[in-house]
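Reader: Could you walk me through this fold strand by strand? I'd like to see who sits beside whom.

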Amino acid sequence: TMNPDPTLTLFISHSNLHQTFQLRFPSSTPLSSLRGRLHATTNTPLESLRLFTLLPDGSRREIAGPPDATLVQLGVRSGDEVRVQDTDEAGARMRAAAVEDVSKVEKYVMPDEEYEKRPNTYRKYRQQQAALESQRLAASEAANPSAAAATTPPPEAPPAGLEVGA
């Protein structure tokens, strides 16, 4: 059966941000919801936010209409690049700097106790691999003890001038 409300994948760029975002919306999303989501994503005030579809020939078409018009009604298609234009250039630079400054984002560090409770972690994988390697080595030595002795390095020779066992 045909999905009655297909999802549109849109590539979002901004006049003052270096990042490009990939967002998904139901095709029935109203323009007001698209604008609200892009306001939250880009930190551009709704009153300064204009939207354009970038066309393959390099030109752009403004996405405008009544707030309840759906993306499909406005001619937006999956795969379109939607350009957010912030019309308040002075404030836009400050807002863009605030959005892109990752040094202000607190890094999350999971406590060891919580990490240990997780079933499929890299730490557990490494422990399993080390245990398997130990088992393989032990099995190999048990199957061929002379080979294990041959791979054992000879004892270090005593320093010159030192008599051993005298």
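Reader: Which residue in β2 is the bridge partner of F11?

Author: This is a predicted model, where local features need pLDDT of at least 70, side-chain atom pairs count only at pLDDT 80 or more, and totals for chains, interfaces and linings use all residues. Residues are numbered from 1 along each chain as its sequence is written, and side-chain values use heavy atoms, with hydrogens and water left out. Strands here are DSSP runs of E with at least two residues, helices are runs of H or I with at least four, and both are numbered from the N terminus. In β2, F11 is bridged to Q22.

Reader: How many bridges join β1 to β2, and how many residues does the hairpin between them use?

Author: Two strands pair if DSSP finds at least two bridges between them. β1 and β2 run antiparallel with six bridges, and I12 stands opposite F21 in β2. The hairpin that joins β1 to β2 goes through six residues.

Reader: Which residue of β5 is the bridge partner of I12?

Author: β1 (residues 7-14) and β5 (residues 81-86) run parallel, joined by four bridges. S13 has R83 as its bridge partner in β5. For I12, the partner in β5 is V82.

Reader: What is the order of the strands in the sheet, and why is one side of β2 and of β4 left without a neighbour?

Author: β2 (21-26) and β4 (60-62) each have a single partner strand because they stand at the edges, so one side of each has no neighbour in the sheet. From one strand to the next, the twist averages 35°. The sheet is open, with five strands and mixed pairing, in the order β2-β1-β5-β3-β4.

Reader: Is β1 largely enclosed or open to the outside?

Author: Buried means under 20% relative accessible area, exposed means over 50%, and partly exposed is in between (1.4 Å probe, protein chains only). Six of the eight residues of β1 are buried, so the strand is largely enclosed by the rest of the structure.

Reader: Which residues have the most contacts inside the largest nonpolar core?

Author: A nonpolar core is a set of buried Ala, Val, Leu, Ile, Met, Phe, Trp, Tyr and Cys residues joined through side-chain atoms within 4.5 Å. The largest one has 19 residues, and β1, β2, α1, β3 and β5 each supply at least two of its residues. The ones with the most contacts inside it are L10, I12, L34, L38 and L51.

Reader: Is Q85 buried or exposed?

Author: Q85 lies in strand β5. Contact means heavy atoms within 4.5 Å; leaving aside neighbours within four places in sequence, Q85 is in contact with S15, S48, L49, R50, F52 and R60. Its relative accessible area is 18%, so Q85 is buried.

Methods:
Axes fitted to C-alpha atoms, helices over the stretch in contact; angles between N-to-C directions.
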